[in-house]
Amino acid sequence: MIRREIRLQGLGGQGIITAGHLIGAAASLHDRKEAVMTEDYSPYITGGWSRADLVISDEPIDYPLVSSPDILVAMSQDGLDDNWKASAPNATIIVEASLVSTDAVEGRNLFHVPALKIAEDLGKRVVANIVILGFLTARTNIVSRAAMETAIVNRYPKAAELNRKAFESGYALASKEAYR
């Protein structure tokens with residue numbers, strides 16, 4: 001059995017919960033894996049944190065909570081600071097390059113992704129989470145590329161072209177020599 005734990009954390013408005021839903025849909029609906037997601041967020045209306053936790057497995061999931069993430073995505077400094085020590089020793093950690101400093105992190109596979117810059121270059125900051133999903137898909141193979149692309153297009157059919165470009169930008173970035 002392969003059980004993978006994923007935690008995404010950032011600030012409200014960054015699309016963290018949406019990214020979690022998209023990973024879950026890609027895994028369960030399109031790749032036919034078992035997937036469970038829990039979400040949590042601060043009580044603040046604006047500026048608070050949000051978190052999506054996913055467990056993905058080839059077999060039924062008997063314990064749905066994330067305790068030691070194999071994959072951590074941090075789009076805020078608190079997202080990294082609060083979670084990296086609890087991550088698995090060989091975890092993949094993906095951070096938003098312009099918002100998160102990784103100076104304190106040791107012994108993890110770290111990737112600094114300029115998702116906000118890429119999203120701004122595409123004309124919409126709101127697709128930074130889709131850039132991250134492209135990178136995550138390419139680096140971790142947690143879900144197939146086709147499954148993730150289908151989940152994104154199904155969720156946002158009117159913005160399919162922009163989201164395809166954002167996803168492809170993140171996916172291509174993960175393939176560059178600097179990220180291997």
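Two strands are taken as paired if DSSP finds at least two bridges between them, and the strands themselves are DSSP runs of E with at least two residues, while helices are runs of H or I with at least four, both numbered from the N terminus. What I am showing is a predicted model, in which local features need pLDDT of at least 70 and side-chain atom pairs count only at pLDDT 80 or more, whereas totals for chains, interfaces and linings use all residues. Residues are numbered from 1 along each chain as its sequence is written, and side-chain values use heavy atoms, with hydrogens and water left out.

Let me start with the sheet. Strand S1 (residues 3-11) runs antiparallel to strand S3 (residues 49-57), and the two are joined over 9 bridges; within this pairing, Leu-11 has Trp-49 of S3 as its bridge partner. The open sheet has 6 strands in the order S2-S3-S1-S4-S5-S6, with mixed pairing, and its edges are strand S2 (34-41) and strand S6 (109-113), each of which pairs on one side only. On average, neighbouring strands are turned by 15° against each other, direction ignored, where axes are lines fitted to C-alpha atoms, for helices over the stretch in contact, and angles between N-to-C directions run from 0 to 180 degrees.

Helix H4 packs on this sheet, touching S1, strand S4 (71-74), strand S5 (92-96) and S6, and its direction makes about 150° with that of S6; contact here means heavy atoms within 4.5 Å.

Which parts does the pair of Phe-111 and Phe-135 tie together? Phe-111 lies in strand S6 and Phe-135 in helix H4, so the pair links parts that are 24 residues apart in sequence. The ring centres are 5.6 Å apart and the planes stand at 55°, so the pair counts as tilted; rings of Phe, Tyr and Trp (its six-membered ring) pair if their centres lie within 6.5 Å, with planes under 30 degrees apart called stacked, over 60 edge-to-face and the rest tilted. Both Phe-111 and Phe-135 are buried, that is, under 20% relative accessible area, with exposed meaning over 50% and partly exposed in between (1.4 Å probe, protein chains only).

Finally, Thr-140 also belongs to H4 (residues 128-140). Is Thr-140 buried or exposed? Its relative accessibility is 9%, so Thr-140 counts as buried. The side chain of Thr-140 reaches the backbone oxygen of Leu-136 at 2.6 Å, and, leaving aside residues up to four places away in sequence, Thr-140 touches Arg-4, Ile-71 and Thr-92.

Notes: Polar contact = N/O pair within 3.5 Å; in protein donor to acceptor, adjacent residues only side chain to side chain.
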